[in-house]
Amino acid sequence: MKRSRTAALLLMSTAPLLLTACDRSESASREGLYTSVEACVAQTNDSNTCQQAFAKAQQDAVATAPRFANREACEASYGKEKCAERNDGASHSFFGPLMTGFFLSQMMSRNGVAANGFNSAPAFRDSGGGWQRPATGAGGVYRGGAGTAMVPVNATPNRAVTVSRSGFGTSGSSRGIGG
Amino acid sequence: MRLVATAERPDWRAKAAACGFGFHTIDDAPYWDESAYYAFSLREIENDIEAPSEELHAMALDMVERIVGSEQHMQQLAIPEPYRDWIAQSWRERQPHLYGRMDFAYDGTGPAKLYELNYDTPTSLFEAAFFQWQWLEDQLARGQLPAGSDQFNSIYESLVEAFGTIARGIARPFHFAAVRDSVEDQGTVAYLRDCALQAGIDCGALAIEDIGLSADGRFTDLDDNVIGCLFKLYPLEDLFRESFGQHLPRSGLQLIEPPWKALLSNKGILPLLWDAHRGHPNLLPAAFDDGGELPRGWVRKPLHSREGANIAMHMDDGRELRTDGPYRDGPCIRQACHPLTTFDGHYPLIGSWVVGDRACGIGIREDSSLVTQDSARFVPHAIIVEEARGVLMA
């Protein structure tokens, strides 16, 4: 079949939409960003998991870090001496940032004990001091390929006093916009 | 590929009203037209539309990589100097993209020919993804279509999947913005927002005109929250030109479509693609325009024209055709003239949707002129099982 199996509307429909209830278990998850295995152990008291998480993140770092054609471009984003030459195994060489930390996330059971298994990911620090992680989910509708999109880690909304509006949209009144 | 006359659903206007499809009729002229549909074979869809779309999409992304490394290409595409590093950076970071539409001339014979990439602000999305889908389901249920008929249209599923995939890469708060008074554009962002919500992404809506600026150059919503990510159904090149534009590169605002899409929604991509893949069956010969007289067999298009505006066509037989519009100044390209084929006096243009990196559906707009403009009507399509035809022809 070349078409969607269903095509639901949530907001646009005037008819009530039947939503499939999804039973989520009451489990919570814990995630930390650590700059060293020691910092991770201090927080989690689980040196085995911390070491494995670090090793896996380091392994993933080459594949998921942003890729740059030359050192200058990489250092422009990640700072001086924060980049290394890499090779993807198919004789394509490129530059990528060095891993500066790692994430560890674990599912926690109700009594606060970490369940078996964990997820980890490399973290990178840009030249502005912000932390980034690779976006999840290469594959599927998106092709993997030359590096993964990076996600800023600190995404807390902030506020600012607006001093002016209507600085966008002046081209819009005279014509249709879409193509 | 055939045009097949068919009975309309008697209740389609009520159905349109029930799902918020307010622009099925625009300025008293029909826009949604289900008095006929285009019938395709599965082979036509898969070999002639789907596979070339994915291939061209990959070629286009490869070309972005080349353009960001070339001041000369940036110049050819008329990218304003203050935005070039920002655009290049957005590509290096692979800032997530959502969707695009390729327009093809195709009539069932020979390869589909790429007219252009609408990779920044494509519309006609809701009618392709949802209303066309509903038409097929209804007409199958009513027995108006041969049993087993299908449609090349997993646009909806792909959109929800794409939003889910990039969800963690979208800065919050996340707003969808379009021009306040454009019913069609507002309908398109309402649908995209609907899909984002279905993917579990909390998001708001905002008129482009209501975006605010703080003293330190950040963009705000009506509650003075700094906008994290903005889906803007508004051309990047217009944002660049307008008074707030200069603040974009340092504002921290994430855009969808991302800044690097300015390189693909630009018709300058067409000569660059042709130079890199000369003779590709789905590409038309193209070159940057030198401003001289347009020879026979060529079409002139401004780099940024939308809705078929300011197109000049000089056909092989000497006939000339020009459309009016607001893009009179500025650089142009030339593309080999490859006129649309007529089906009963209509000229269908195939819009091939690419969500994420997947070719996932088509929508057909037909105009009564060779240049598809905002006067075009949307006509649904179906994939018809072809087994009966051999018998008829025997």
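## Two helices in chain B

Start with helix H2 (residues 42–68) of chain B and helix H10 (residues 269–276) of chain B, whose axes sit 11 Å apart at an angle of about 100 degrees. Helices here are DSSP runs of H or I with at least four residues, strands are E runs of at least two, and both are numbered from the N terminus. Axes are lines fitted to C-alpha atoms, for helices over the stretch in contact, with angles running from 0 to 180 degrees between N-to-C directions. H2(B) and H10(B) are therefore roughly perpendicular (65 to 115 degrees).

On the H2(B) side, Met59(B), Ala60(B) and Met63(B) meet Ile269(B), Leu272(B), Leu273(B) and Ala276(B) of H10(B). That contact has seven nonpolar residues, with no polar and no charged ones. Ala, Val, Leu, Ile, Met, Phe, Trp, Tyr, Cys and Pro count as nonpolar, Asp, Glu, Lys and Arg as charged, and the others, Gly among them, as polar.

## About the model

This is a predicted model, where local features need pLDDT of at least 70, side-chain atom pairs need 80 or more, and totals for chains, interfaces and linings use all residues. Residues are numbered from 1 along each chain as its sequence is written, while chains are lettered from A and ligands numbered from 1 in the order written.

## Where chain A meets chain B

Chain B puts 80 residues into the contact and chain A puts in 54 (C-beta atoms, placed from the backbone, within 7 Å). H7(B) gives the largest share of chain B's side, nine residues. By class, that side has 31 nonpolar, 24 polar and 25 charged residues.

Strands join in too: E8 (residues 162–165) of chain A runs antiparallel to E9(B), joined by three bridges. Pairing takes at least two DSSP bridges. Thr162(A) has Ser214(B) as its bridge partner in E9(B).

Technical notes. Two residues are in contact if their C-beta atoms, placed from the backbone, lie within 7 Å. Angles under 35 degrees count as roughly parallel, over 145 as roughly antiparallel, 65 to 115 as roughly perpendicular and the rest as oblique.
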